[in-house]
Amino acid sequence: GIRVNNTSLGGVTVANNVVGSNATGAGVDNDGIQVSNTGLGVVLDGNSVTNVGFVAGAGRGIVIDVTGMAGNGDSSILNSTVSNTGGVGILAQSIGGNLLANVGSVSNAGDTGLRVNYAGNVTVSGFTVDGSGNHGVHLRNISGGTVSNDTIANSTNDGLRSFLCCSCSHD
């Protein structure tokens, strides 16, 4: 997979990559694309991730985790597809600014399709989640959010779950 870590000088863009069939097993990083501890926001655009950690049951397709970075900016996940993951399809957590997830898809995630933990305002628009082992879209501890023009189908539990989220709307 692709891993970007500890880039405190400016934002990070990861674009137009194809990642597939990661190794699985004990001690192996099962994430397709992981961007951690970035300073001024993350843009993921036009990436495709498939068959990550599917056998091991833990691989995540795309991960943005900016835990511990002060002043991190807005982040975006655009035009990206994730399929056949053992764990969460797309995980974004500890985003200091806002998050935009626009025009993308997750299919056959072993856990939640799109999960956002701890962020400013979150917008999920034009997204498709089909077949998740838990929730389709799970928004947790965010400042506010909008979920619109999305297709969420075939989730084992809730299609859309919002937990401890203030001023969220959906249509």
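A salt bridge here is a side-chain nitrogen of Lys or Arg within 4 Å of a carboxyl oxygen of Asp or Glu. The model is predicted.

**Exercise 1. Salt bridges**

Task: find how many salt bridges the structure holds, and describe each pair.

Solution: 
- Step 1. The structure holds two salt bridges.
- Step 2. Take Arg60 and Asp31: their closest N and O atoms are 2.7 Å apart.
- Step 3. This pair links distant parts of the chain, 29 residues apart. Arg60 lies in the loop between S6 and strand S7, Asp31 in the loop between strand S3 and strand S4.
- Step 4. Asp31 is buried because its relative accessible area is 6%, under the 20% cut-off. Arg60, at 24%, counts as partly exposed.
- Step 5. Now Asp158 and Arg161: N to O is 3.9 Å. Asp158 is partly exposed at 36%. Arg161 is partly exposed at 33%.

**Exercise 2. Strand pairing**

Task: state in which sense S6 and S9 pair, then follow S9 to S11.

Solution: 
- Step 1. S6 (residues 48–52) pairs with S9 (residues 81–85) in the parallel sense, over four bridges. Val49 has Val82 as its bridge partner.
- Step 2. S9 and S11 (residues 99–109) also run parallel, joined by four bridges. Thr81 is partnered with Ser105.

**Exercise 3. Ser155**

Task: decide whether Ser155 is buried or exposed, and list its contacts.

Solution: 
- Step 1. Ser155 sits in strand S14 (residues 151–155).
- Step 2. Its relative accessibility is 19%, so Ser155 counts as buried.
- Step 3. Leaving out residues up to four places away in sequence, Ser155 touches Ser132, Asn134, His135 and Gly136.

Notes. Residues numbered from 1 in each chain as written. Predicted model: local features only at pLDDT ≥ 70, side-chain atom pairs only at ≥ 80, totals over all residues. Heavy atoms only, no water. Helix = DSSP H or I, 4+ residues; strand = E, 2+ residues; numbered from the N terminus. Buried < 20%, exposed > 50% of the residue type's maximum accessible area, 1.4 Å probe, protein only. Contact = heavy atoms within 4.5 Å. Pairing = 2+ DSSP bridges.
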